[in-house]
Amino acid sequence: MSRPKILISRAVFPEVIARVEQFADVQTNQDDVLWTKPELIARLQGMNGVLTTGGERIDAELLAACPDLKICANMAVGYNNFDVPAMTAAGVKATNAPDVLTETTADFGFALLMATARRMTESEHYLRAGLWTKWSYDMFAGSDIHGSTLGIMGMGRIGQGIARRGAHGFGMRVIYHNRSRLEPVLEAQCKAQYVSKSELLTTADHVMLVVPYSAESHHTIGEAELALMKPTATLVNIARGGIVDDAALARALKNRTIAAAGLDVFEGEPRVHPDLLGVPNVVLTPHIASATIPTRLAMANLAADNLLAFLSGKPALTPLN
Ligand code: 8YV
């Protein structure tokens, strides 16, 4: 192939664009316009590769309309925006961006857990509203992290990072549920014990969701699961919107079926269920778990490396098909 043609579909670091431009003809979107699917298809005409950021749906319809496309490189570890079987059928390589965000995302999961259990945003709003006039013995009393039981659903790389932080840093008892049980050596490193989903939900003081989104994991946590949790428990979702039934969660928070939740991801984001905005016992962040500059740069560079390797005839670094 002569110089390949690459589309970078959202704004990214200029230095990453400059790297890709050394090797390819590049079209960018540095104004960060959110393209509709027809706009994306129009921009992809004649393109051999695309760098996506997790929001762009790549499916059979798009692939059929973009015959020159050879590779889609997602700047995200999650790839539920890709229909991988359709990409394989169309002969299009799919790649994601694992590993480089593991520790940053695990840090954030822990931050959100602590903010939730210790009611940090709720109490800050109270202070900012000028309502703090005196100390009182039970004001914004939360639940302990140290010595408590942390239940992790989804024990991939990020789940393991959270387990290590909990077990080694805070002396937590760590239990987990996953499609498959970890190798004993990994369980020992994480000091984590495998349990059933219902045991995890009934036993954990804090439930952390780190499962990838798929049709099977849709509403992993709904009304029935929330009812199993302790009334003092917290729930943290740093995985994907749709893993939790947000309407059911808002009801559980309102009725104090559980004590509190911390959410970085939402069904239909960037919209947030209005009932979640109306309850005080939830900490809400706009999908920023991987958002540190070094990590986002590493994610963008890994996506670029996948494009450059594959379009110069070498194997992709982190292929999904
Ligand atoms: C991304 C994420 O920031 O990697 C993922 O799967 O959810 C986040 O780290 C987001 O998907 C946009 O790329």
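Guide: In H1, the residues Glu15, Val16, Arg19 and Val20 meet Leu297, Ala300, Asn301, Ala304, Asp305 and Leu308 of H13. Contact means heavy atoms within 4.5 Å, and helices (H or I, at least four residues) and strands (E, at least two) are DSSP runs numbered from the N terminus. By class, this contact of H1 with H13 has 6 nonpolar, 1 polar and 3 charged residues; Ala, Val, Leu, Ile, Met, Phe, Trp, Tyr, Cys and Pro count as nonpolar, Asp, Glu, Lys and Arg as charged, and the others, Gly among them, as polar.

Guide: The model is predicted, so local features need pLDDT of at least 70 and side-chain atom pairs count only at pLDDT 80 or more, while totals for chains, interfaces and linings use all residues. Residues are numbered from 1 along each chain as its sequence is written, and side-chain values use heavy atoms, with hydrogens and water left out.

Visitor: At what angle do the axes of H1 and H13 cross?

Guide: Two packed helices are described by the angle and the distance between their axes. Here the axes of H1 (residues 14-21) and H13 (residues 293-311) come within 10 Å and cross at roughly 10 degrees. That makes H1 roughly parallel to H13, the label for angles under 35 degrees. The crossing of H1 past H13 is right-handed.

Visitor: Which residues of H7 are buried?

Guide: Buried means under 20% relative accessible area, exposed over 50%, and partly exposed in between (1.4 Å probe, protein chains only). In H7 the buried residues are Ile158, Gly159, Gln160, Gly161, Ile162, Ala163, Arg165, Gly166 and Ala167. They pack against helices H5 (102-117) and H8 (184-190), and against strands S6 (149-153), S7 (173-177) and S9 (206-209).

Visitor: Is Met155 buried or exposed?

Guide: Met155, in the loop between S6 and H7, counts as buried because its relative accessibility is 2%. Leaving aside neighbours within four places in sequence, its contacts include Gln160 and Ala163, as well as Tyr176, His177 and Cys190. Met155 and Tyr194 are 39 residues apart in sequence and 9.8 Å apart in space, C-alpha to C-alpha.

Visitor: Where is Pro270 found?

Guide: Pro270 is in the loop between S11 (260-263) and H12 (274-277). The peptide bond from Glu269 to Pro270 is cis, with omega near 10 degrees.

Visitor: With which residues is Asp68 in contact, leaving aside its neighbours within four places in sequence?

Guide: Those contacts are Gly46, Met47 and Asn48. Asp68 lies in the loop between H3 (60-65) and S4 (71-74) and is partly exposed, with a relative accessible area of 35%.

Terms used. Axes fitted to C-alpha atoms, helices over the stretch in contact; angles between N-to-C directions. Parallel < 35°, antiparallel > 145°, perpendicular 65-115°, else oblique. Left-handed = near helix turned anticlockwise from the far one by under 90°.
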